[in-house]
Amino acid sequence: MCGIAGFYNPRENYEKSPLKWRHILNEMNRVQKRRGPDDEGIYLKQGCGLAHVRLSIIDLMTGHQPMIRKQDSRECSIVFNGEIYNMPELKKELQEEGARFETTSDTEVILAGYMLHGTDYVKKLNGVFAIALWDSRLKQLFLFRDRLGVKPLFYTMAGETIVFSSEIKGLFQYPGISPSLDQDGLCEIFALGPAKLYGKGVFHGVLEVLPGESLCIGRHGCKHDFYWKLESHPHEDSFEKTVEKTSWLVEDSIKKQMLSDIPISTFLSGGVDSSLVTAVCARELKKQGKVLNTFSFDFKDNSKYFQSNSFQPSEDRPWAEKMAAYSETRHHFLECSNTDMIENLFKAVDARDLPNMADVESSLLYFCSQVVDYNKVTLTGECADEIFGGYPWFHKKEAFETDSFPWSMDMEPRKVLLSEDVIHALPLDEYAHTAYEKTIHETPVLEGESREEKRRREISYLNLRWFMVTLLDRMDRTSMYSGLEARVPLADHRIVEYVWNIPWSMKCPDGIVKGLLRHAGEGIVPKEVLWRRKSPYPKTYDPSYEKILGNQLKEVLADPQAPVRQFLDSKKVHAFLNSPSDYGKPFYGQLMAGPQMLAFMLQVNYWLEKYKIQIL
């Protein structure tokens, strides 16, 4: 993976003052260098500037970007962040059409495909990507983002200039663009955080290319189009055929995403999702006489404090050990201490450019920094719960009856530390409800479905558009911060398209959570692992962690210059710290409860201070 950035203004001749504009491009590269530590480059022409930092995974020697391709008087240049997993097939097709290649890079395949077929070529790409492509003949810049939003791409306007970047921090290197927050931005943080409304970048004026969207920017402005949207259709396959096809799609996606010129690894928790990915990867590597590296994560001394509960019924380690032995992998157990977690709490903000999932994010950032010492590419089991219906809110009666996000049904826990002035000044409930309603109205309907199935489809769509994207952002930023490429084979758009239309009775046969995926894994994963009850990403149960956070928040409140003070009620905070922790009422998802609220507010304070954010 990599980082891309640049700017476009058809009325600006950047070549008249190249030193100035090259400096800006180099600064955009500098702040994103962690995404691409292996190489960097810039491209500057009249009307357009492109920047790229590279993490070398495929074509280690000749895959330099920006990549330029010329034909007669036409010159096209591209910067690309991602991987195209069907690149070998696409390249063969293009060669049969007469295309000639100078590299083995998937970047050149995209560029050659565009020059032969135009923007529709993006529909043929199976992969994850954020692409900026400049066509000198048309004098147009094209931006593309992958179908599910795995790779980030933000943009904003500076007068008549469009400025874009993989990460928000890149935008702030352009003259005149500075971080500020309006009322909507504050509502994003306090009403929706760590999620955000898709298409928005939280900061005032910052937008996001939507999943499946393409932008065409030229002299007459910016045209938005969608090359992919999820559609609802009747499902006509039998259960047996559905299991067979799901199994094939899952295996094919995993095998495709093993594409790499350097050794791969997998994250292995011992749950069904990561175990499926690991089993297929280990089997395929074994055919080549290679051994797969696997990694599992936990918190120091968690076995001492762990107590079984409804959402984490058992510890992962014994199951990871069982799966590693079955697949004959080279397994590594990584542990995160309280110190590691808190030290990375603010690095996680640097990585995401936003307050985020607190220790759920900082711990993953720490683990990724350890994994990269062994491997620069890893495959994960992320996204299976959103696609196959693994979360409690797919099953609970309350989620069907609520008129709000099913993972954040009660807004009151979000207000527990906020001052009454802020609560009255910001329309938190209204903002969250409007965001929720927007997605409900966009849900692809299927005529003739029952009221219950229609609601189930809404819950599924909410998960794909919101919860999954939040976790994908987490995975991208925490891994790329250390130059690690983390892949998500279960989020292949072909899987999403097929499973989306499968009726619930097949997705959850006999009431078994993710039963379809478990049936699809028969013969690949041991039965006891395959049918194990779901356990999510681990969290620390060490009570001293919350105490450390509480003391840090007290220090923040004692500082008259601390920017978060304007939003918090000191009496509420101290009362909260003196009351028993509530691990059973998360304010977001399953994991973010009392301690995570404290950590989130510490992140907000750091973010406001570090980015010198102006409140409008």
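A: Helices (H or I, at least four residues) and strands (E, at least two) are DSSP runs, numbered from the N terminus. The model is predicted, and local features need pLDDT of at least 70, side-chain atom pairs count only at pLDDT 80 or more, while totals for chains, interfaces and linings use all residues. Residues are numbered from 1 along each chain as its sequence is written, and side-chain values use heavy atoms, with hydrogens and water left out.

Q: Where does Lys-514 lie, and what is its phi?

A: Most residues other than glycine have a negative phi, and most peptide bonds are trans. Lys-514, which is not a glycine, has a positive phi of about 55°, and it lies in the loop between helix H19 (504–507) and helix H20 (515–520).

Q: Is Lys-514 buried or exposed, and is Asp-72 buried or exposed?

A: Buried means under 20% relative accessible area, exposed over 50%, and partly exposed in between (1.4 Å probe, protein chains only). Lys-514 counts as buried because its relative accessibility is 2%. Asp-72, in the loop between E4 and strand E5 (74–84), counts as exposed because its relative accessibility is 80%, and Asp-72 too has a positive phi of about 55° although it is not a glycine.

Q: How are the axes of H10 and H22 placed?

A: Two packed helices are described by the angle between their axes and the distance between the axes. Axes are lines fitted to C-alpha atoms, for helices over the stretch in contact, and angles run from 0 to 180 degrees between N-to-C directions. The axes of helix H10 (residues 338–352) and helix H22 (residues 543–558) come within 10 Å and cross at roughly 40°. H10 and H22 are therefore oblique to each other, where angles under 35 degrees count as roughly parallel, over 145 as roughly antiparallel, 65 to 115 as roughly perpendicular and the rest as oblique.

Q: Which residues does Thr-246 touch?

A: Contact means heavy atoms within 4.5 Å. Thr-246, placed in helix H6 (residues 239–256), touches Phe-388, Tyr-498, Ile-502, Leu-516 and Ala-520, not counting residues up to four places away in sequence, and at 1% relative accessibility Thr-246 counts as buried.
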